[in-house]
Amino acid sequence: MKLHEVTRLAAATGPAVLAGSAVVAAEPPKVDPAELDKAFETLKTFDWGSDPKTLSAIEQAVVATQGDPAGSTALERRLVAALGSDISRAAKDYVCRMLRTMGTADSVPVLAAMLPNRDLSHMARYALERIPATEAGTALREALAKTDGALKVGLIQSLGARGDATATPALTGLLDDSDAATVIAAATALGAIGTLQAAKALTGAVAKAPGAAKSAVIDACFRCAERLLADGKRGDAVAVYKSFTGEDQPKHVRLAATRGLLRQ
Amino acid sequence: MINQSFRPTRRQFLAGTCAAAAAPYVIPSSALGDDDRPAASERIVMGGIGIGNQGRGDLGAFLGRSDVQYVAVCDVRKGVREAAKGRVDGRYQNSDCKAYNDFRELLGRDDIDAVHIATPDHWHAIILVDACRNNKDVYCQKPECLTLAEGPKMVAAARRYARVVSGGSQRVLEDYRDVVNKCWSGEIGPVKEINVDVGPLSQLCYLPAEPVPDGMDWEMWLGPAPWAPYNKARCDGNFSTRGGSWRSYLDYSGGGMTDWGAHHFGGATFAVDVRDLQPVEVVYHADNGRRWLTYRYPNGILIHHNQPNTGNLHVVGTPGETRPPKTVPSYAGQGGIHGDFIHCCKTREKPFRDIDRAINTMVLPLMGIVAYQLERSLKWDAAKQEFPGDAEANRFLDRARREPWVL
């Protein structure tokens, strides 16, 4: 029986069968070890203008080693070794994309070393931001002190994307930064973290926020309030909304706060 | 950083007007309106961000309306924005249209009521959320978002500030009327499944460096996407999804899967009336070398992607059964999807292609891309917006944005 016939049958009999049939029927991906070796060799000279198809065996190996801890670890070691070697920016870009999908704590040291590098910082975060290991968050937090300007903004954004509540004190301190972009990033990250502690830090920062960052800080307050409401902390959410109902607030902010109060 | 010192605000403008009113002044009929043109106070004041290709078409649609006053254009290509400014100024026979390289300057103007966005997809979420925060209604071209994590943030921003936010697929309503009518009329009975044929997926791009043309702000074009050297084929706005355009490359687009997929999946979800739902799973099939998908909705309806031996928007009902007909929804106002948006800006109704429904559509191709990349089936938790208990798949929910851009 062909798979689509299985699927049609399953559709008539129920969802559990549908999913189960497809999972059983789909063939596991395979990778040729010789092709993989060749791709890693190609990576050494890969650069802008190279054909990414010459590296496709690596992508196939990433998929093929899902659920295969030994195979995945071996592949990760090769990628980490490549990233730590003298390959081009384009090749490092490619490796970071792979580590985003399968990197573990073992990848963190080599990625962390890239964070202060203006050319490599973003792609290091591209991987680190999506690696669930706590070591990835630690590396991002530790790098805050080693960077400034746009690179620091990037780190802040990644900590927010990870919902890293342990970064709250550091992010709170950055709400006082003289750089508006840093304040915007810190506020956005705290809004994503969405805890009561984050909400208090944000509401306390509204009045002193530079003009260019004001709407981002207010927006982050509302994001926190929405999260507090969703978590059943109605009183805390109401306190946030009420702080924006005064006549000194822009009309659309007052209306947003009023809608929040009506929603709770 | 953000330049806050560009144009007078609406309040400042009005204050200036009041001061001038002490002197004799002839108010032009264009400000008061006439039989064909609403008074200035009744017009929606608009700007456009990303105004080449599709944006040029949107600009034309809004510029042609008597109930719109178009005042600003923004594009990172000097030649494109100057041509657009010339077009707007020609329409109004003045030189009032302002041209911006940085969208934040346009969004900082509080005399602008609404914007349309037709940048490459990797910019949509950042600009749309910033627009809502700045009290603007938004018409955003499809595909509305590039990652699964962006969509809910866009919907939340629209709702938080009660903005009218419309997605940009006119084809959802206009291209599949036969299928939609067949389903909504009840003539094929309860609908069980429908197929969408669309592709391909976008690809990695390592095109070689070329000189950046004069007038092109390459850093701003890249924005939140990974850094890469300029190459014309990387950023060309043509409609190819098989190379030679930004629509072909995954840092900026999901390829045909999202580009035409926004239309086809949108049409399919409209036809089988699951516009307000998201699927609970996507099943990956590897069928004799051919890969295809089945999405299952909580009400049991199935949407297939590239199912073998069927056609695009081939729908399966329940033979022998009928179902009471339902009235097919349509645009409000006059002038297609653009008119629907303007009508809703005035009435504060939800547009036909409300952002929530547009994002529900985008979940399909974006989930599908993850399933194809991982080559396996996936469960989806619509409430939590994640693949439940699936750490590998959840890595694909979002991408780190290049500094200094945040969402």
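This is a predicted model: local features need pLDDT of at least 70, side-chain atom pairs count only at pLDDT 80 or more; totals for chains, interfaces and linings use all residues.
1. Chain A has 264 residues, and 46% of them count as buried. Its secondary structure consists of 16 helices and 0 strands. Of the contacts in chain A between residues at least 6 apart in sequence, 60% link residues at least 24 apart.

2. In chain B, strand β1 spans residues 44–49. Because 5 of its 6 residues are buried, β1(B) is largely enclosed by the rest of the structure.

3. β1(B) pairs with strand β2 of chain B, residues 68–74, in the parallel sense, and 6 bridges connect the two. One of the residues involved is Gly48(B), whose bridge partner in β2(B) is Val73(B). Together with helix α3 of chain B, residues 54–63, β1(B) and β2(B) form a right-handed β-α-β unit.

4. β1(B) also pairs with strand β4 of chain B, residues 114–117, again in the parallel sense, here over 4 bridges. Gly47(B) has Val115(B) as its bridge partner in β4(B).

5. Gly47(B) lies in strand β1 of chain B. The residue counts as buried because 28 C-beta neighbours fall inside 10 Å, against a cut-off of 20 or more. Leaving aside residues up to four places away in sequence, Gly47(B) touches Val71(B), Ala72(B), Val73(B), Cys74(B), Leu106(B), Ile112(B) and Val115(B). Val115(B), in this list of contacts, is also the bridge partner of Gly47(B) in β4(B).

6. How far apart are Gly47(B) and Asp58(B) in space, C-alpha to C-alpha? The distance is 11 Å, and the two residues are 11 residues apart in sequence.

Terms used
Residues are numbered from 1 along each chain as its sequence is written. Chains are lettered from A and ligands numbered from 1 in the order in which they are written. A residue is buried if 20 or more other C-beta atoms lie within 10 Å of its own, exposed if 12 or fewer, and partly exposed in between; C-beta atoms are placed from the backbone. Two residues are in contact if their C-beta atoms, placed from the backbone, lie within 7 Å. Two strands pair if DSSP finds at least two bridges between them. A crossover is right-handed if, with the strands pointing away from the viewer, the path from the first strand over the helix to the second runs clockwise.
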